[in-house]
Amino acid sequence: MLLTPRGAVVQQVDATPLSDEELQGLDAYWRAANYLSVGQIYLLANPLLKQPLRPEHIKPRLLGHWGTTPGLNLIYTHLNRVIRQRERQLMYVIGPGHGGPAIIANTWLEGSWTATYPNTTQDEAGMGRLFKQFSFPGGIPSHVAPEVPGSINEGGELGYSLSHAYGAAFDNPELVVACVVGDGEAETGPLATSWHSNKFLDPRRDGAVLPILHLNGYKIANPSVLARIGDEELTSLLQGYGHDPYLVEGSEPAEVHRALAAAMDKCFDRIEEIQLEARTTQGTPTRAAWPMIVLRTPKGWTGPHAVDGEPVEDTWRSHQVPLSGVRTNDEHLHQLEAWLHSYRPEELFDDDGRPVAAVAQLAPKASLRMGSSPHANGGLITRALELPPVAEYAVPVKAPGAEDGEPTRVFGAFLRDTIAANAEFSNLRMVGPDETESNRLNAVYEVTGKAWLADVRDTDVNLAPDGRVMEILSEHTCQGWLEGYLLTGRHGLFSSYEAFVHIVDSMVNQHAKWLKTVNRLEWRRPIPSLNYLLTSHVWRQDHNGFSHQDPGFIDHVVNKKAEVVRVYLPPDTNTLLATMDHCLRTRNYINVVVAGKQPQPNWLDWEAAALHCARGIGVWDFASNDDGDPDVVMACAGDVPTLETMAAVDLLREHLPSLKIRVVNVVDLMRLQAPNEHPHGLTDAAFDSLFTTDKPVIFAYHGYPWLIHRLTYRRTGHDNIHVRGYIEEGTTTTPFDMVVLNNLDRYHLAMDVIDRVPALRTRAVSARQFFADQRTRHWSYVTTYGEDLPEVRNWRWGQRG
């Protein structure tokens, strides 16, 4: 039965019914997929049941999820029918990714699995290998992991399927992404917000997403909310999200096949109508109520009805492995054998284990198989960005630190022209939570708008259905869109306030794990990198206060596999340009770039900046006077730490002119590690040449100071490294007071030098007292006048007095 659009009355859809032959074919294909799925969970041998089932045919550890699998198999089967009839490009994204057996079974049946893994042939031996590899040492995971052809959504952590699906559909006008949303997944915050993605989908230039809410009633051990709220309330909810829902429900296979086929026909007819109207009508497209399907079938459908006297099918007990004692419990073994035979495998596979012709012919042709979609292996169709010559955007630097610049504003101009240069290819998008303007990247609005298909008012600015900038106040949705876009071969940038990018921590985890895995899969081609520009950062959140002050995303990312993470801290405008030009060219990385948007000194001209960024770390000769033998090394990483370090050096030169100082600036944070720990790591010899092995190092760092100790703890001179950084002190205050609160200020850094250079401890008493007094003066001044000391506000490198 089907729920008609915009109504709460369940009635039959007027659609051409399946012929008996079509019905039998669909059911056979579905049974074959179910058989292969159960075999993966249980069987170590005897894949065609040519012998009576014995304990030694069963895997010693039974892992997998059966409950969602028959529904996923049903949907895949019917999508294949749509592909064959309409010759459409489809992708299959599943939220309940733990239903891995289903997708593996279907890709093997259609031939995609064998094309990817030739030793898993479509015969008895290949079927045996298919079964054994699942959730088995040396095999593949139980979830829809990168190893599964046709997949872009791992599904181990729930909530991301719909945003991934929309990300894949953006700028893919011929693609339809069928997205299965599990009813447990539908309870997550990221999924709930991602329903709004339909307000950003332009039917003229984007593809379509067909959401399929799979209501099988239960999660691991509890009922699911959307399965228990009733048809009328559920319909109101989904219509409120802007969809026209069609309900398919039942437990009798033939009826469900007929209803689902009719629903698929209705939905794809409507998708084609929406797209045709938008693509043939002049003017701004109107927002459509896109169709979707609600599929209500029993959890663990076609599996054991009861086990050990307890109901299993259509209950939470079918979620994972319904029969868990098969190797030791004869009754369970007999039930498993009967369960497998219930699919009548002898009708589905010949004596050699090949799918019979009646089943094999139901798979789409090779170029349209969902498991072979090039969109799901995005590196196959990635086109490198057309990047304008970055040097043309560089700011002139007459002398280091003599003038201020706004790094992100200048980068915004480069980004604007990059968007324009790639407009014809529709392969670049920016995402962010309503912060593009705040982060001073607004030059992009000279060539594009913000994607928007909802109502527009006269007071709105920069809204456009075809905008390349995508903003929604949900970091989860931004992340999901961008991941889907990148995984399907396009490029993007996520701009965010530094403190709140933490919201996507666990999504970053999943993407990092995906990248780490694909690096060992030759058939997965490299995709464009996930690029973060984190600005409005910890040191310049003086107006927002403590809640907006957190640099810990760097620590989180550094925990991931070294082969996929990169962290950059450009200290000025030209180094930001060089860094972003590099990041936009890379593949298979997570690039985290932290840079301020406020006016700050420009230190390096273009040539020096490009060289410095290529090295990732280096001595600033213009600020050093060590002649190769320093008394102290003053290191810095980050724009504000660099400013305070340079000001501290200036103070020390004035008060202690004979002190020999070396200034080392770090752009690429991972240069601090050893090369056996990170590909960018410095050798011990190179590290020692920069930092020495026996001289004190005062390190001013953008984030939490203990990360620097962690990155350098194996170095010879680690005991000499003293790090200043953010120590969780902050409030609404002045820029300089923020660094004072955290002991990162120039006066404290200068005092650190005096305290750690042995020769200064007795002869620099007066200088140290002056620096301490300046901190006291600062506090008195800032609490009286509400702004920083004039000598702090007006300080310039090389302009003492």
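So, Asp788: this one sits in the loop between α25 (765-785) and α26 (790-793), where helices (H or I, at least four residues) and strands (E, at least two) are DSSP runs, numbered from the N terminus. Quick caveat before going on: this is a predicted model, where local features need pLDDT of at least 70 and side-chain atom pairs count only at pLDDT 80 or more, while totals for chains, interfaces and linings use all residues. Residues are numbered from 1 along each chain as its sequence is written, and side-chain values use heavy atoms, with hydrogens and water left out.

Buried here is under 20% relative accessible area, exposed is over 50%, partly exposed is in between (1.4 Å probe, protein chains only).

What the Asp788 side chain does have is a polar contact with the side chain of Thr734, at 2.5 Å, and it reaches the backbone nitrogen of Phe736 at 3.1 Å. Polar contact: a pair of N or O atoms within 3.5 Å; within protein, one must be able to donate a hydrogen and the other to accept it, and residues adjacent in sequence count only if both atoms are side-chain atoms.

Next, helix α13, residues 407-421. At 1.5 Å a residue, its 15 residues should span 21 Å, and the end C-alpha atoms are 21 Å apart, so that agrees; the expected span is 1.5 Å times one less than the number of residues. Eleven of the 15 are buried, including Phe411, Phe414 and Ile419. Those buried residues pack against several elements, among them β11 (428-432) and α17 (573-583).

Now the cores. A nonpolar core is a set of buried Ala, Val, Leu, Ile, Met, Phe, Trp, Tyr and Cys residues joined through side-chain atoms within 4.5 Å. The largest has 167 residues, with Tyr532 and Leu669 among those with the most contacts inside it. Helix α1 (residues 20-42) gives the largest share, ten residues. Another core, of 45 residues, lies apart from it and includes Tyr726 and Val753.

Last one: Gly182, in strand β4 (residues 175-182). Gly182 is buried, at 6% relative accessible area. The C-alpha atoms of Gly182 and Pro96 are separated by 5.4 Å, though 86 residues apart along the chain.

Conventions
Contact = heavy atoms within 4.5 Å.
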